[in-house]
Amino acid sequence: MNLTINNLSKKFGKHVAVNELSCQFTNGVYGILGANGSGKTTLMRMLATVVSPTEGTIELNGANIFKLGDQYRDLIGYLPQHIGLYKNFTAEKFLLYIAALKGLEKKYALLKVEELLELVNLTHVRKKKVGSFSGGMKQRIGIAQALLNDPKILIVDEPTAGLDPKERIRFRNLLSTISGDRIVLLSTHIVSDIEFIAKEILILKSGKLLHKRDSQELLKEIEGKVWLVQASEREIPTYQTDFKVGNIIRTEKGVELRIINDEQPSANAIIAKANLEDLYLYFFEEDQDAAIAQV
Ligand SMILES: Nc1ncnc2c1ncn2[C@@H]1O[C@H](COP(=O)(O)OP(=O)(O)OP(=O)(O)O)[C@@H](O)[C@H]1O
Ligand SMILES: [Mg+2]
């Protein structure tokens, strides 16, 4: 299976949300990393054929997905960033309802719903109304509905928002397990969601695709640019003004700052091994506070 994006753009009036983006996906998990407003949702909505591009094409094995229409939609599962759930439906009823909308045969749907409730750990609350669910439970039922038709292409837009760490790990493993013979596209601005499971990471900034590489290759981008600096408490604001500062750790001697910078930020700075969190700060400095709060 080969999903190819050619020179894709989406404009809203004069605003360019996705800007001349080209890339290719084969089976496996792809993490789409970008700050707020970088175009992740717009890209995914085009991939799910919810909105059409202003320019460019998306092709599945050489055929335009908008021309394939339902033939393509039968192959995809989509979890929107903000999913509308039917509050008064029970979990089971909701999934059966979506299964009917997707045209699944009743007998098969009953089995599939049971299997998916188990997979997303909601069997025990299957008779409870969706409206009473926590954020994480809603997210999990959203994932279950996206998997109902056994999609060959799974598009999930910030699926781990609202999940606690345990649920996140569970979800990550789930995606990793099912990704063998599927294309899984996952958008996030939380680095740890994709650090270990993504075959490749796409870095999206202001609608442009900056990079599409595996995480190790991406880290080479910032090799030699991550520094540890011993400083005193009152030097912190100056460093924060002059540099991109990641973690600040208090030690017996004072503080240790993690700084991402092309050149050595001070004479006592030593090079540290870069991680994806550093990479995020490097690319999305303006979103620094959000990134730190989320990891
Ligand atoms: N329907 C729309 N009409 C006008 N502008 C839009 C519309 N949808 C998105 N945009 C704009 O396009 C840009 C990209 O938005 P998009 O929702 O794709 O970003 P995102 O990366 O998903 O952000 P977030 O992390 O907040 O979900 C933003 O500037 C947004 O305001
Ligand atoms: Mg979004």
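Two strands are said to pair if DSSP finds at least two bridges between them. The model examined here is predicted.

**Exercise 1. Identify the strands with which E4 pairs, and describe the turn of the hairpin that E4 and E5 form.**

Step 1. Strand E1 (residues 3-12) is joined to strand E4 (residues 55-60) by 5 bridges, and the two run antiparallel. Within this pairing, Glu55 of E4 stands opposite Ser9.

Step 2. E4 also pairs with strand E5 (residues 63-64), over 2 bridges and in the antiparallel sense. Here Leu60 has Ala63 of E5 as its bridge partner.

Step 3. Between E4 and E5 lie 2 residues, and the two strands form a hairpin. In the turn, Asn61 has a positive phi of about 45 degrees.

**Exercise 2. Determine the order of strands in the open sheet of 4 strands, and state which are the edge strands.**

Step 1. The order is E12-E13-E11-E14, with antiparallel pairing.

Step 2. Strand E12 (244-250) and strand E14 (270-271) each pair on one side only, and they are the edge strands.

Step 3. The pairing of E14 with strand E11 (residues 226-231) is antiparallel and consists of 2 bridges. Ile270 in E14 is the bridge partner of Leu228.

**Exercise 3. Describe the surroundings of ligand 1, from its shell to its individual contacts.**

Step 1. Ligand 1 is surrounded by 13 residues, of which the closest are Gly37, Lys40, Thr41, Thr42 and Gln81.

Step 2. At least two residues of this shell come from each of strand E2 (15-25) and helix H1 (40-47). H1 gives the most, with 3 residues.

Step 3. Contacts to oxygen atoms of ligand 1 can then be listed:
- His15 places a polar side-chain atom 3.0 Å from an oxygen atom of the ligand.
- Gly37 has a backbone N or O atom at 2.8 Å from a ligand oxygen atom.
- Ser38 has a backbone N or O atom at 3.1 Å from a ligand oxygen atom.

Step 4. On its own, ligand 1 has 640 Å² of accessible area, and the protein covers 63% of that area.

Terms used. Residues numbered from 1 in each chain as written. Chains lettered and ligands numbered in written order. Predicted model: local features only at pLDDT ≥ 70, side-chain atom pairs only at ≥ 80, totals over all residues. Heavy atoms only, no water. Near = heavy atom within 4 Å. Polar contact = N/O pair within 3.5 Å; in protein donor to acceptor, adjacent residues only side chain to side chain. Areas by Shrake-Rupley, 256 points an atom, 1.4 Å probe, with all protein chains shown as cover.
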